[in-house]
Each structure stands twice: as structure tokens, then as C-alpha cells.
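Hi,

Here is the structure I promised to pass on. Please open it and follow along with the notes below.

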Amino acid sequence: MCALPGELVLSDVHREVFQPARQSSETKTVLSRFQFSIILDGTTEDKEEKSGPDKDRFDEDGDLIVIRRQEKTMTEVITIEHMMSTEVSRVGLQHILELGSGTGITSILLASTNVAGIFCTDTGIDVLIQCQKNISSNTHLTSRDGKMTPEAESKVLVRELDWTHDSLNEDTQNAFHWRQNDKELMQQVKFIVAADVIYDDNLTDAFFRILQKLMKENHIQRAFIALEKRINFSLDDLDVSSPAHDHFLQWVEVLKKTEGFDCRQMKTSFPKRFNYTRTKQLELWQITFSHVRIESEEVHPGN
């Protein structure tokens, strides 16, 4: 079920308070006070327990009366300011970064879900202009309020990201440059996605270098890579081979040995939502990163 534009969800945080929530007319927020107990060091014991195990008492039915320790506690109060209700579109949302977006179709599809925002990235002005046109042509999927108007605010931000460069393009002469606010939003990115970007060894090298850099610097926990294992006939070997896929697997092994990273191939038996022929060569990989203090530089095959 999809949330309707402007639909609200009521906050339940105020339901367990010991004092009624008080609403502020200025900030449109409410104050809720929560009572809790803190266990202090040391305990008090029943005096009869100190007389020793031989002095245990029994009730009139002959059952043992268990002497229990009594904990010393004190009561404290936490005061929380919060909204009484929140738009569903703002609840539990994620930011996503797509690498090598091309036409932008993956970002457009992701925008149709309940996500906060998407960075749709690639390099080359012509590619980015075409990508922006495609996003603008699908405002019924990409806009925050579902409106099909040019003025509708889009969930998708098209930005230039050249994998061979170490820094983001901040040239204001470039319509797709990175803004200051973008850097703040990058800290909220939880997932990186990439589809059909494994076909050239040099680009694969650049892809994995930028992937490591982005995940480390922005504490991004997961990346999903979809690819097709391209099989060709090799005149050198007189046999079928997949050199681009082999190079990709070399990188997978490198990351598995890199502190903080892990890689695993996922099942592709998920339901199809598009009308296409799913080949056996389709692969989906998940790369996870647990932030640790890493002193060494990014590694790559051959190091």
C-alpha cells in the first residue's frame, strides 16, 4: 500500500507518559514526560535472611518462604519534545546513491517507492541531460507529491560523478555540479546501487575504487550491484570466456580480504516486475561495509 500525498501518521510516543502531553502553540510540537527507575548500587535484604540458611521460614502449608533481595531505586524523568503527527512520506525513509545511472531508469523506479531521495549520477554532459529529461518525463513517479507538473519537486537529483576523479564536481558552470546541501545529504545515504556497469576492466577498477571511497567517507553500509555475465568467444583460447566478469570476481576477492568489507552473491529468484527474459547470466551482488578505523589506502587487484 502506498501512502497518499500529505497522509499523516500519529505519533504513539505520548501514549505511555505519566503526564498529559502539552502542546506548544509556537513550535507546533508537544512535550511529553516519561518516568523511569534507576537501580542504585547495593541492595537491602530482609533481616531474617541474615540469620543464616538454618533460619529459613515455612508457611502453614509447609512451603518454603523465599527471601528476596530488595533493590534500591530512584525515580527520574525524561522530557521529550516531538511532533504529534508526521507525514508518512517522511517516516523511516532512506537516501540512495546510484552509480553509472545512464538513462536514469533505475533511479526513476526507486523514486516510485517510499524513499527520501536519490542521487542519480553519471559523467558526460550529454548523458546527464538525457537522464534529466527522462526523469522530468516521469514526474508521476519521481515527484514528492505525485504531481505531473514541471514545477513538482523531484526526489531524484542528477549529479555528475566521474569515477576517475577523487573529488565531487563543484564547478558551478556545470548544471549538474554538487551543491553544499548535497554533501550533507550524502551523510544520510544508506545504500549504493549500480546496474550494468561491469564491462570494461579499467572502468571496473575505477568503480571499485570510488565505491570503497564513498562507503568509507560517508559510512554507507550496503551496496547492491546487478550485472550480466557477458560471455564471448575468445580467439586466443578458442573457447567461450567472460573476461570482464572474471575481473569483477578478482575485485570481489580483494574486498573480502579488506578490513570492514564483505561480499556475497544473492539469489535472483525474486519476482519479475518488468516484462523481460531473465537469463542465467544475471547476477546480483551485495557489498557490506562495517565502519572501522582503517589506516591503509584502498586496495585493488595487483597490490
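**What I found**

At the start of helix 5, the backbone nitrogen of Asn202 has a side-chain oxygen of Asp200 within 3.0 Å. That is a polar contact (a pair of N or O atoms within 3.5 Å; within protein, one must be able to donate a hydrogen and the other to accept it, and residues adjacent in sequence count only if both atoms are side-chain atoms).

Some background. This is a predicted model: local features need pLDDT of at least 70, side-chain atom pairs count only at pLDDT 80 or more, and totals for chains, interfaces and linings use all residues. Residues are numbered from 1 along each chain as its sequence is written, and side-chain values use heavy atoms, with hydrogens and water left out.

Helices (H or I, at least four residues) and strands (E, at least two) are DSSP runs, numbered from the N terminus.

**Helix 5**

Helix 5 covers residues 201-217. Its 17 residues reach 24 Å from first C-alpha to last, close to the 24 Å expected at 1.5 Å a residue. The expected span is 1.5 Å times one less than the number of residues. Twelve of the 17 residues are buried, so helix 5 is largely enclosed by the rest of the structure. Buried means under 20% relative accessible area (1.4 Å probe, protein chains only). Among the buried ones are Phe207, Phe208, Ile210 and Leu211. Just after helix 5, His219 takes a positive phi of about 55°.

Seven strands form an open sheet, in the order 8-7-6-9-10-14-13, with mixed pairing. Strand 8 (156-160) and strand 13 (261-266) are at the edges, each with a single partner strand, so one side of each has no neighbour in the sheet. The twist averages 20° from one strand to the next. Two strands pair if DSSP finds at least two bridges between them. Strand 7 (117-122) and strand 8 pair in the parallel sense over five bridges. Asp122 stands opposite Glu160 in strand 8.

**Helices on the sheet**

Helix 5 lies across strands 6, 9, 10, 13 and 14, and runs at about 40° to strand 14. Helix 6 (243-256) packs on the sheet too, touching strands 10, 13 and 14, at about 135° to strand 13. Axes are lines fitted to C-alpha atoms, for helices over the stretch in contact, and angles run from 0 to 180 degrees between N-to-C directions.

Val252 is in helix 6. Val252 counts as buried, at 3% relative accessibility. Leaving out residues up to four places away in sequence, Val252 touches Cys263 and Trp285. Contact means heavy atoms within 4.5 Å.

Best wishes

Technical notes. Buried < 20%, exposed > 50% of the residue type's maximum accessible area, 1.4 Å probe, protein only.
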